[in-house]
Amino acid sequence: MSFVTAPFSAEAPYFRREFTSDGPPDHARLQVTALGIVEPYLNGTRLGDEVLAPGWTSYRHRLQVSTYDVTPLIRSGANALGAIVGEGWAAGRLGYEGKRHHYTQRPALYVRLELTYGEQTVIVTTDGQWTAGAGAVLAASLYDGEVYDARREPDGWNLPGFAGAWSPVELLDWDLGTLVPTVATPIRRVEELPPVETVIRDGKTIVDFGQNISGWVRLATTGEAGQSVTIRHAEILRDGALDTETLRTARSTDRYTLRGGGQEVWEPRFTFHGFRYAEIEGPFDEVKAVVVHSDMRRTGWLDTSHDLLNRLHANAVWSMRGNFVGVPTDCPQRDERLGWTGDLNAFAPTAAFLYDVRHVLGSWLEDLAAEQREKGFVPWVVPDVLSTPSSPTALWSDVAVSLPWALYQEYGDDEVLRRCYDSMAAFIRDVETRLDDKGLWSSGFQFGDWLDPDAPPENAGGGKTDRHLVAAAYLAKTTREMADTARILGTADAGHFASLAERTREAFRAEYVTQNGRIAGETATAYALAICFDLLDPAQEAHAGTRLAHLVAKAGFKISTGFAGTPLILPALSRTSHLEEAYLLLLETGCPSFLYPVTMGATTIWERWDAVRPDGSLHSTGMTSLNHYALGAVCDWLHKTVGGLTPLEPGYRRMRIAPKPGGGLTHATLIHTTVHGEVRIGWRVTDRLTLDVTVPDGTDALVELPDGQTAEITGGSHSFGCELPGKDGPREPYTMDTPLKTLAGDLAVWRALTEVFAKHFPGIPLDGTAPEAAAYSLNRIVGFIPGASEELKNDLETALARSR
C-alpha cells in the first residue's frame, strides 16, 4: 500500500483503476485520502457529501482518512475506482510568503478498498495498477481559483471499460503511520444564497449576494462549445466595481468553458473564496453563492431589541462560519488563510458558545501538539507553514493552555485537559525558563495588544499598552489555568504549577500595579487585563474599575483596544459596577467602535476597526480583511451579560442566570444548547423587568435579578419579575440652564455634549467635574464665547433633546 501520483505535472490529475468482483460482497469499505483535495468515485458515483476533503491538518503528523460503506455500489464483474486530486493545501501556493509544495511536489492519492465475501477478504489499494490522466480541471489553486474546460472531461473515465490512453502512475513514498480516521467535522456545502442585487456594468454582471461568505459560485449557463464564463470575487465594491485590494495577490478567479449542447450547471470543487460580490463575464442563466465550511452544529443564539447589536452578533457568527473551513483561520479571502493561534485564542469562548466545536478544534489541538513536539515551540499558525520559528508569545502561543481550558469550561469533559496536558505543561515550562529574576516575562518578541486602533498603521503591534505588561498578565492567567488543570487531573506537578501561578501574579502586581490599584501605562487594555485576570485585591480592583471607566469616557466611548484587550474591556467594566459605561462603549457607532462597521454595511467582523474608513476608502496597509472573527470576541460578554448566562460549573451542570439590562434595550432572548440540553433566557423591560427561564433537567441555576433578589432553580421553566434599580420615575428634562455637574453625571448626555464641543472647539476640554461646574450651565458657557454661533446653540439643544 502506498500513495500514487501522476507522472506529469498537473494541478488536478485524474486517477483510475479497474477491478473485478466475482459477485456482490457481504461488505465493502472504502478508505480514501490525498495529499491535496480528493473527489472520489466508484463506478461513476461520487462518494459522500464532503468537499475539500481531507481538509488541512499537519499532514506530516496527521492525515485524515474518510471511510465509506460502498457495499451497494459494487457490481458483479468489472468495477472502476476513480478520483480527482487537486493540489490544495499540500502542493499549491499557501501562505503570504508565496511558497508552494509545503508537503509534496505533486498531488497524491491513497485508496484502500476492502471487500468481504464470507471468510474471504480482498483488498484493492493504490498501487502500480492505477493510471493517471488529464481532465477538465486545468487549474485548482486555493488562492487563485479553478479553471475548468468541460470539453476536456473524458467521458466515462470513472466507469469500467474506459479506453483512454492514460499513463501508469508513480508510487509516492509517504509514512502511512500518519493516516488517522477523520476527527474534524467534515467540510460541506451548508447553505445557498441567491443574489440580492444584480447590475450590468461594462458588459459584465456584478452580483451582490448580500453576505460576506466562504465558498464559491454555482451557475447555470447555456452557450456554444468553447465559450467561457469568468467569475471574479471580492468582499467590497468601489464606485460600483469589484475592489480586490483585500485579496492581496490571491486572484480568486474561476473560469468555466462550455461543452455546448444545452444548459450546463457548474461549480468549482478544488478551491474556495471569501467574497460577497462576484463579477461574471460571459453567458449565464442563473447563479447562487454556495456557503462552504465545517458542518458544525449551531448551539448559541442571541436576539435583542437593538437592530445594530443583532447585526454585530450575526457578523460574528458569519465570520466564524467563514473561517472554520477545516482549520480555524484568520481570513478566508486573501493569500493567507492560516490557522493563527491568537485569533482563535481571543475568540474561543465565543466560538464554543455559538457552535459545537469539539471535533474541529479537537483535531486542531492534536495538530498543535504534534507540531510542538517536533519543533519545541507552539507555532503562531497551526498547521505551521511559516519559514521562521515562532518564539513563544502571549495570547498566541498560550492557546495551547487556554483553548483546552475554554473547551473544558464549555463542555465539562476533562478528557480534553487530559489529552492536551503534555502540550499545556510543555508550553508553561518553556516560558518559565524565560522569566527574569523578578518572575516577569520581560524579554523576547511579543505581539502585544495587536491592532490597537491607535497603533501606527504600518505597525499593528505598536499599540499603547506595554507588550511585556500584556505578556506578564496573560502568563498569570495561563499559569492559573495550568495549575487548575493539574489540580483537576491530580498530577504530580500540581503543586509546582500552583506555586508558579502565584509567583507570576505577584510579579505582575509588583511591577505594574500601584498600592491603590493604578496600572502602569494607564491604558484600557492594561486595566481590563488586571481586572479580568484577578490580578488585584478588592480595593485595588474597585479603583482600577473607576480609572478604566474614566479612560473609556475620555475616549468618547470609542474603542481603544486590540486583540488582547477587546475580549475583556466590557467584562472589566461590568465586573467593577460600570455597566452604564459598558453599554455606552458597546453601542457607540462612531469610528472606531463595535457598531461602526455595522453602520458601514459590514456583514462580517473586520480585521481592523476602521478597515473601511468613513469616506468609504479602504485602510490600505495590506491588512484589511473584512472577514476576521477575532474582534467578535465581544459576543462572549453579550452572551453572559445581555443574555445573562454563565457556567458556574464546567459544562453548565450548574449555571448563573443574571441578565443585566442597559443601554436602552427593552428585550433580549438567549438560547444555548449545552451538553445537558437547551437553556432559554428571555427578558423584557416595560415598567418593570420580566424574566422567563428554562433550564434542562439534571441541572440547576442561580438566578440573580438586577434588584438583588436571588433564587435557586432546577430543571424546567420559571418566571421572575422585579423593579429595575434607578427607576424612580421620570426625571426633569435637561435644559441649557441645567448645571454642568448634573449633566456630567448622565454619561449618555455628557458624551453627546462633549462631541458637540469637540466639533466646534477641537482640542479644548469640557470638564464637568471641576468645582465650579455646579454653578456653570451651558447658557453661561455659551455666554463666555465671543460671537457664539447659532449652530453651536442648536447642536447643544439637540444633544439635550435626544436625552429626553
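Biologist: What volume does the largest cavity have?
Modeller: This is a predicted model, where local features need pLDDT of at least 70, side-chain atom pairs count only at pLDDT 80 or more, and totals for chains, interfaces and linings use all residues. Residues are numbered from 1 along each chain as its sequence is written, and side-chain values use heavy atoms, without hydrogens and water. A cavity is a set of points on a 1 Å grid over the protein atoms alone where a 1.4 Å probe fits but cannot get out; points join across faces, edges and corners, and the volume is the space filled by probe spheres set on them. The largest cavity comes to about 150 Å³.

Biologist: Which residues lie closest to its centre?
Modeller: Lining residues have an atom within 4 Å of a point. There are 21 of them here, and the closest to the centre are Pro 54, Gly 55, Gln 64, Ala 184 and Gly 326.

Biologist: Which element gives the most to that lining of the largest cavity?
Modeller: Elements are DSSP runs numbered from the N terminus: helices are H or I of at least four residues, strands E of at least two. Strand 6 (63-69) and helix 4 (358-375) give two or more residues to the lining of the largest cavity. With 4 residues, the top contributor is helix 4.

Biologist: How many nonpolar residues line the second largest cavity?
Modeller: That cavity has a volume of about 100 Å³. Its 13 lining residues include Leu 312, Phe 594 and Trp 609, which are among those nearest the centre. Ala, Val, Leu, Ile, Met, Phe, Trp, Tyr, Cys and Pro count as nonpolar, Asp, Glu, Lys and Arg as charged, and the others, Gly among them, as polar. The lining has 3 polar, 1 charged and, for nonpolar, 9.

Biologist: Why is helix 9 largely enclosed by the rest of the structure?
Modeller: Buried means under 20% relative accessible area with a 1.4 Å probe, protein chains only. The cover of its buried residues includes helix 7 (467-489), helix 8 (494-512), helix 10 (538-554) and helix 11 (566-575). Helix 9 (residues 524-532) is largely enclosed because its buried residues number 9 of the 9.

Biologist: Which strands stand at the edges of the open sheet?
Modeller: The sheet has 6 strands in the order 5-4-7-2-10-13, with antiparallel pairing. Each edge strand has a single partner, so one side is left without a neighbour: these are strand 5 (45-46) and strand 13 (167-168).

Biologist: In strand 13, which residue is the bridge partner of Thr 131?
Modeller: Two strands pair if DSSP finds at least two bridges between them. Strand 10 (residues 131-133) and strand 13 are joined by 2 bridges and run antiparallel. The partner of Thr 131 is Pro 168.

Key:
Buried means under 20% relative accessible area, exposed over 50%, partly exposed in between (1.4 Å probe, protein chains only). Contact means heavy atoms within 4.5 Å. On a 1 Å grid over the protein atoms alone, a cavity is a set of points where a 1.4 Å probe fits but cannot get out, and a pocket is an open set with protein on both sides within 12 Å along at least five of seven lines; lining residues have an atom within 4 Å of a point.
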